[in-house]
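Reader: I would like to learn how to read the features of a model. Where shall we begin?
Author: With the coordinates in view.

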Amino acid sequence: MRKIEVARLIAHKITYQWFGNAISSSRWSFFWLHDGLATLFGEEAIVKTLNNSEILDFFIVQNQYESLHLDDYFKMNPPLMNNLSEINSLFSFPCCIKVPIVLRMLKNAITDKAFRSGIHTYLHQHMFKSVTFYEFWLIQVVTAESYGYHITDKFLNWILYEHYPFLKWTQNGSFYVELAQASDFSTLHYGNWWMRINVIVKSSSGQSYKTRQTLERHASIFALVIQGDMIIVDIQQTGYYRFEYSDENWHKIAHYLNSSEYKNVSAINRAKIIDDACYFTIARKFNIRRAMDILTFWKITNYLRQEINYVAWYPMFKMFEYLSTLIPFSEHTIGTFIKQKLKELLVGPFEILIVSLEHLPENDLTICLKQEIFKWAYTLRHSPCLEMAQRKLLMHYKNPASINSPEWKEWAFCKGLLKANMSVWNIVKYRWMKNKQYELLPYLACTRDPSIILEYLPYVLWNPMTYETQDTAIIRSYINIFHTFVAKHANNYFIFTNVLLNLKRIKPKEISIIVALTDIINHVYSEKHLNEILIHLEQQKYITDDQQISEIQHKIQIRLSQIRDQIDYFQFLV
C-alpha cells in the first residue's frame, strides 16, 4: 500500500505541471479544478505504468468511500467564491476529494473520447492564461455537443449542492420498477440532482440485460422488471449516491453474491453493495427508516467468505475498523457475537490465500489483501494464523532476510510470540538482548502463556540491571514493555489482579503509580475490573494523598461511563 501511496503522490505532482502550472486559475477558489484533473489523470497514469486495471478500481472505490462518508458530516463542495475563509478551507480540509469523482461522472456521461477532446481543447486554448472553472465547463459542453451528447447545466449541481442524493426503487405492479430520488432524504436538494443511471436486471432464468437512462429533476425511471427479477445499480466508475433497494431485492442480491456466480458482478459494484449495506445497517442506530435489517446485513456480507479481491473487501475492512472497539469486550455477549461473526468471514479467504499463495498474482493489491486478512485473523485469534506467525518467527531467525517490511515484522514478532512456549520465548529474548535490539523487546509482552507472563516477563521488568542502566534506549524499551504488557493483558482477570498486587515492583521506576494506574484503567473493559482497582487502591495503599486518590476515582468513573456507552451504542448489531 505504501508503494501505491507514493506513486499516487508523485503522479499527482507530475500531472499538476500540466494543469496547475501551464494554466493558472483566475482565483484561488478555482484551485480545486486543476487539482482534481491532476488526481484523475495521475491515477490513470499509475494504472498504465503498473499495467494493473484493478488499481483503478481501487482508486475509484477508495475515493467514493472516503468522500461519501466525509460528506455525511462535512461540506465537501469546492469553494466557488473568493471568500477568504473558503480559500483557507482548500488547505485545511480535503474538499478536493469529491472533484475527481464528479469529473469521472462527467466523463462517463459524455464518453471518455469526448471528455479527453475537451481537455485537449482546454489546454490548447488557455495555455499560460488565467481562466475560471466556467470556461472549462463551457468547453466540455461544446465538445460534448460535437460528439452528439447533450450535457445540461444541472450537472453543476454536483459541485454546487452539499452532500449527495439517495435513490430508491419501487416495484410498480408485476412488470415495472420505478427508480427515483427518495423524497425523505436530502430534502434540501431533493429532485435537483442530474445523473446517468445504469441498471442491471438479472432474471431468475439466469439471463440479464442493462438499461442506461438519465434521471433529472423530480423525474422517475421506469424499467421492465418482471416480479422475481433482481436489479443491481451498475455504478461503473461513477455513482455518487446511496441506493436503497427493497428488502426483497437485498435478499436476492445476498443470495446471488453467495453463489458461485458472484464474480459476474464487477468488483466495484460488489464493493458498493457492501458499502451501502454497512451504511444502512449503521443507520439502524439512529432509527432512520431506511435502515437495513441486521440479518440481511450478515447475509450479504457472508459472501465475503469466498472473496479474495481487495477492492471488494475494502469497505468491509473499514467496517472491521468501526467494529474493532468491541473486540476487547470479551465478557459481554455483544463483543463475543461480533468477534465470531467477523472471524467467520475471514476463515475462507485466509485458507484460500494460504493454499493458493503461489498461484495468486503477487501484485500490490494482493499483498494488501494478505496483510489485512492476516492482521484481522490474528486480532480475532484465528488459530491457524497464530501457528503460521510462529513458524514465520522461527524462520526469521534462520533467515533474517525472510521478513523485510515493517508490517510483516510486527505481524511475525507479536503474533508469532502469542502462542510461543517458554523455549521459543527465551530464544527470542536472548537474541534481542544480545543484539541490543531494544526496540523489539515490547513484543515479548505479546505472549499469552500465563507462566511467562507472571514469572518471567515481570523479571525482565524488575531486573536490577534495568534499574541501574542509564541508556535511554533501554529505559524507553522497558517503559514500552510495561505499556504493551498492560494493553495486552489488563483484560485477563487473573493476570490483572496479579499486576495490581505487584504493581510497585513491576512498573518501571521512570513512571509514577498514577501514570501506571491510569494506563491500566484505560485498558480494562469491564465494571468488575474497575471495582477491583478501587479495592486494591484501598488495600495496597498505593497512594496516600487524598487529591491523587480522588483523581484516580474520577478516572475510574469516566472509564466506567465510556464502557457502558460503548456497549449501549452497539446494541443495534444484535
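**Reading the largest pocket**

Author: The largest pocket has a volume of about 800 Å³. This is a predicted model, in which local features need pLDDT of at least 70, side-chain atom pairs count only at pLDDT 80 or more, and totals for chains, interfaces and linings use all residues. Residues are numbered from 1 along each chain as its sequence is written, and side-chain values use heavy atoms, with hydrogens and water left out.

Reader: How is a pocket defined, and which residues are closest to the centre of the largest one?
Author: Rolling a probe the size of a water molecule over the atoms shows where empty space is left. A pocket is an open set of points, on a 1 Å grid over the protein atoms alone, where a 1.4 Å probe fits, with protein on both sides within 12 Å along at least five of seven lines; lining residues have an atom within 4 Å of a point. Points are joined across faces, edges and corners, and the volume is the space filled by probe spheres set on them. Here 24 residues line the largest pocket, and the closest to its centre are Ile 327, Pro 328, Arg 381, Ala 487 and Lys 488.

Reader: Which elements give two or more residues to that lining?
Author: Helices (H or I, at least four residues) and strands (E, at least two) are DSSP runs, numbered from the N terminus. Those that give two or more residues are α14 (364-379), α16 (406-418), α18 (450-462), α20 (472-489) and α21 (493-501). By class, the lining has 10 nonpolar, seven polar and seven charged residues. In this count Ala, Val, Leu, Ile, Met, Phe, Trp, Tyr, Cys and Pro are nonpolar, Asp, Glu, Lys and Arg are charged, and the others, Gly among them, are polar.

Reader: Arg 381 is in the list of residues closest to the pocket centre. Where is Arg 381 found?
Author: Arg 381 is found in the loop between α14 and α15. With a relative accessible area of 28%, Arg 381 is partly exposed; buried means under 20%, exposed over 50%, and partly exposed in between (1.4 Å probe, protein chains only). The charged end of Arg 381 sits over the ring of Tyr 378, 5.0 Å from its centre. The test is that NZ of Lys or CZ of Arg is within 6 Å of the ring centre and within 35 degrees of the ring normal. Lys 528 lies likewise over the face of Tyr 493, at 4.1 Å from the ring centre.

Reader: What is the phi of Arg 381?
Author: Most residues other than glycine have a negative phi. Phi of Arg 381 is near 60°, a positive value. Lys 436 also has a positive phi, near 55°. Lys 436 lies in the loop between α17 (422-434) and α18, and is exposed, with a relative accessible area of 59%.

Reader: Which class does the pair of Tyr 161 and Trp 193 belong to?
Author: Their ring centres are 5.7 Å apart and their planes at 85°, so the pair is edge-to-face. Tyr 161 is in the loop between α8 and β3 (166-172), and Trp 193 in the loop between β4 (176-181) and β5 (195-202). Both Tyr 161 and Trp 193 are buried.

Reader: Where is Leu 68, and is this residue buried or exposed?
Author: Leu 68 is found in helix α3 (residues 53-71) and is buried, with a relative accessible area of 0%. The C-alpha atoms of Leu 68 and Tyr 164 are separated by 7.7 Å, though 96 residues apart along the chain.

Conventions:
Rings of Phe, Tyr and Trp (its six-membered ring) pair if their centres lie within 6.5 Å; planes under 30 degrees apart count as stacked, over 60 as edge-to-face and the rest as tilted.
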